[in-house]
Amino acid sequence: MSNTYNPNEIEAKWQKRWEETELYRQVIDKSRPKHYALTMLPYPSGDLHIGHWYAMTPSDARARYMRMKGYNVLFPMGFDAFGLPAENAAIKNRTHPAKWTYANIERMRRQLRSMGAMFDWERAAVSADPAYYKWTQWFFKKLMAMGLAYRKLSAVDFCPLCNTTLAREQVWGEDRHCERCGTPVIKKDLEQWFFKTTDYAEELLDFSQIEWPERVKVMQTNWIGRSTGADVTFHTEQGDPIEIFTTRPDTLWGATFMVLAPEHPLVDKITSAAQRGAVDTYIEQAQHLTDIDRETADREKTGVFTGAYAINPVNQARIPIWIADYVLMSYGSGAIMAVPAHDERDFEFARKFGLDIVEVIRMPGRSDTDGELGAAYTSKTEGHLVNSGAFSGTAVAEAIGKVTAWLEEKGIGKGAVNYRLRDWLISRQRYWGAPIPVVYCPEHGAVPVPDEQLPVMLPEDVEFMPTGESPLKFHEEFIHTECPLCGQPALRETDTMDTFMCSSWYQYRYLSPHDDRHPFDPEEGTYWLPVDQYTGGIEHATMHLIYTRFFTKAMREMGLVTFDEPMMRLYNQGMVLGEDGEKMSKSRGNVVAPDALVQKYGADTVRTYLMFFARWDQGGPWNYDGIKGPQRLLNDVWELGTAVYTPHTEEAAATRTLRRKTHQVIRKVTEDMESFSFNTAVAAIMELRNALTEARKAANVSQAAWNEAVDTLLLLLAPIAPHITEELWARRGQAYSIHQQPWPVWDEAVAKEDTITLVVQVNGRVRDKLDVAAGLDDEAVKQIALSSDKAQGWLEGKQPRKVIVVRGKLVNIVV
Ligand code: ANZ
């Protein structure tokens, strides 16, 4: 046995031993409380990068900590293996996506093992395995049977370079570019499959059962975008109904014109002959704009009069109907009543086109003689209604409710809620995904593939050409099949599913990845579910984290689970940046490669550094110098753990001091592990290292106190640096494995600081007595005495002339 710390040697040794002894097999054990710790599964893109290490090793430390706390911990790992990059790599490198993907998985598995994490590889799941996507397809069918999956012809966002449709979430930025390649997205009409996420809009807004970061809840809330107001029906002069959604029914009397989205179905019918040319030209132009362009508030307003008029149902006013691109067809009913006095966009529009502006909400302090409004007055809380018939005089704060009730009574409108959330578009015109298990029969339409025929296998022999359609479309054998209902020739669906579908339910598949009869074993599910602690990046706040919540709610309806939320607690880690403080990227040349670091320092040092260099939720720039601190720590721990200690003299005070430190550090590290404050946990462990180093030099603490401190040091460090602690634990003759030991508990009495009673005098008279920590220096004691309320009272604001400190006893303030 070598006596110097050689991380590579001991890390390989223990990883092997752990596997041989199945130390991290995670099986049902009803005698212990369970804890399902989950970290977001990686996409097998090639090499494991430092970001993976940053996401996974602190999560692993937390899972290990929970295990030592007595929980039966499940901490699985897998691969989100379908998706575009594999297919793009296939086209570029003339390889097969499966080959590319599985080679990457093998490499990443090896790299993941080098972390020394407690993953149970028996539970690993790979979403591109037929054994997995069989159940992805099975879920699709379930959703279809429940009416939660449906097909519709729709204009979809389409990336012309990747040649695929994109979900709304995959379109980024004001210029609406493709998330992956940055190409501006265009619109295209295709038959697409959707999941009805909107059925759960209301429930998705309820976060009461989960402890998730405020930020994520706010992002999801905004994404779902709930608005309350009323639907009101206007009519054209000719009698065609026009439904509008408004958040301000109290401003109905101020509606001086209407605006339809250029795509609104009524436009063609109502447009007058005189306006036809202008209207057609405008519609043509609007088609080139994206919804984001159209919604941008500071864009110059444009629009065209249709030549038609509507009647305002509350006061019979005859108002012109315009079309304008700031009204979107995708929201509400695609038509609005315009109230220029109280809506900024309508105000601008009315100003530009010389339309009437009628004030119906009177701002406090304004009077009839104040002239025209200089801007829209938009307050919902201050002011009262004017020019509003029987409602004039009503406080604006009450008016929405009152007017809505009146509209309902009159049959003109009703209270309504609108959401920004759209149904989830899951069709992808690509090969490398789970095939949608549907065939199209001339007689029976879209028919789901029977369960016995699942999975619908992806054929291997396809041509990869970026044609804009799935390569499956050109695979004769794949597309031609028979209708499961009538046996007539039928065609298979050639689109595959969005990979977010695969990752919406992976936490369930981990429970029994080899199960051929269920998506997951119900017995495993009853024991382990739901996920107790989820960790991952904030970039998934809206897509994945909404989809998986939707999925779980649908699974509840399927009778597969009994709970409402997939993950009870969520923690978002920050990002490791390059040394230059910028996001790591190959082009900047600031990428930190974990493999080389593990070679040089060992996995334990890399893990410790990652947990030490910044708050985990914040992250920060990598620092090659900074890693030396954790490296020194582990070298010192090695020294201390292998040292033979024999006291020279045994001093009660020194022994007490070391024990106090030991118990204080247990308390601190425990609290920090609970709250994910890993950097301060490592700092506390460093303090214990310092205390031990001193004690060793002085050799003046008892053998028992020394042993207690060293064992504690190893136990507290075990989740963070699992290999070195295992090795030292063994060398100290302790039972295998340190990772199965109970987490140390502190004794409050031992941890308590010694205190003394400090007497505070003012001009020689005792004015206060304070309990303060023993061993403080004179300056600290002086400050405590000066800030005593009682002393301050006697000082009456005067400046002390002199402050005399008698160490350990007394402070005299002289004025
Ligand atoms: C009249 C009104 C008066 C409005 C007023 C606001 C203020 P949120 O909060 O986003 O739900 N609107 C309705 N449908 C629209 C569409 N398809 N495209 C563009 N704008 C639309 O906004 C709802 C408000 O946005 C609605 O209330 C409507 O304008 C407009 F003093 O109606 B409001």
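Let's start at threonine 247: one of its polar backbone atoms sits 3.0 Å from an oxygen atom of the ligand. Keep in mind, everyone, that this is a predicted model.

On serine 227, a polar side-chain atom lies 2.5 Å from an oxygen atom of the ligand. For arginine 420, an N or O atom in the side chain is 2.7 Å from a ligand oxygen. And how much of the ligand does the protein bury? Taken alone, the ligand exposes 640 Å², and the protein buries 87% of that.

Which elements give two or more residues to the shell around the ligand? Those are strand S11, residues 241–246, and strand S15, residues 335–338. There are 18 residues around the ligand, and the ones that come nearest are Ser227, Thr246, Leu328, Tyr331 and Arg420.

Now, on to a pair of helices. Helix H7 covers residues 214–224 and helix H17 covers residues 543–557; they pack at an angle of about 75°, and their axes are 10 Å apart. Angles of 65 to 115 degrees count as roughly perpendicular, so H7 is roughly perpendicular to H17.

Who meets whom there? From H7 we have Val216, Gln220, Trp223 and Ile224, and they meet Leu545, Ile546 and Arg549 in H17. The residues of this contact divide into five nonpolar, one polar and one charged.

Key: Residues are numbered from 1 along each chain as its sequence is written. This is a predicted model: local features need pLDDT of at least 70, side-chain atom pairs count only at pLDDT 80 or more; totals for chains, interfaces and linings use all residues. Side-chain values use heavy atoms; hydrogens and water are left out. Axes are lines fitted to C-alpha atoms, for helices over the stretch in contact, and angles run from 0 to 180 degrees between N-to-C directions. Helices (H or I, at least four residues) and strands (E, at least two) are DSSP runs, numbered from the N terminus. Angles under 35 degrees count as roughly parallel, over 145 as roughly antiparallel, 65 to 115 as roughly perpendicular and the rest as oblique. Contact means heavy atoms within 4.5 Å. Ala, Val, Leu, Ile, Met, Phe, Trp, Tyr, Cys and Pro count as nonpolar, Asp, Glu, Lys and Arg as charged, and the others, Gly among them, as polar. A residue is near a molecule or strand if one of its heavy atoms lies within 4 Å of it. A polar contact is a pair of N or O atoms within 3.5 Å; within protein, one must be able to donate a hydrogen and the other to accept it, and residues adjacent in sequence count only if both atoms are side-chain atoms. Accessible areas come from the Shrake-Rupley method with a 1.4 Å probe; for residues, only the protein chains shown count as cover.
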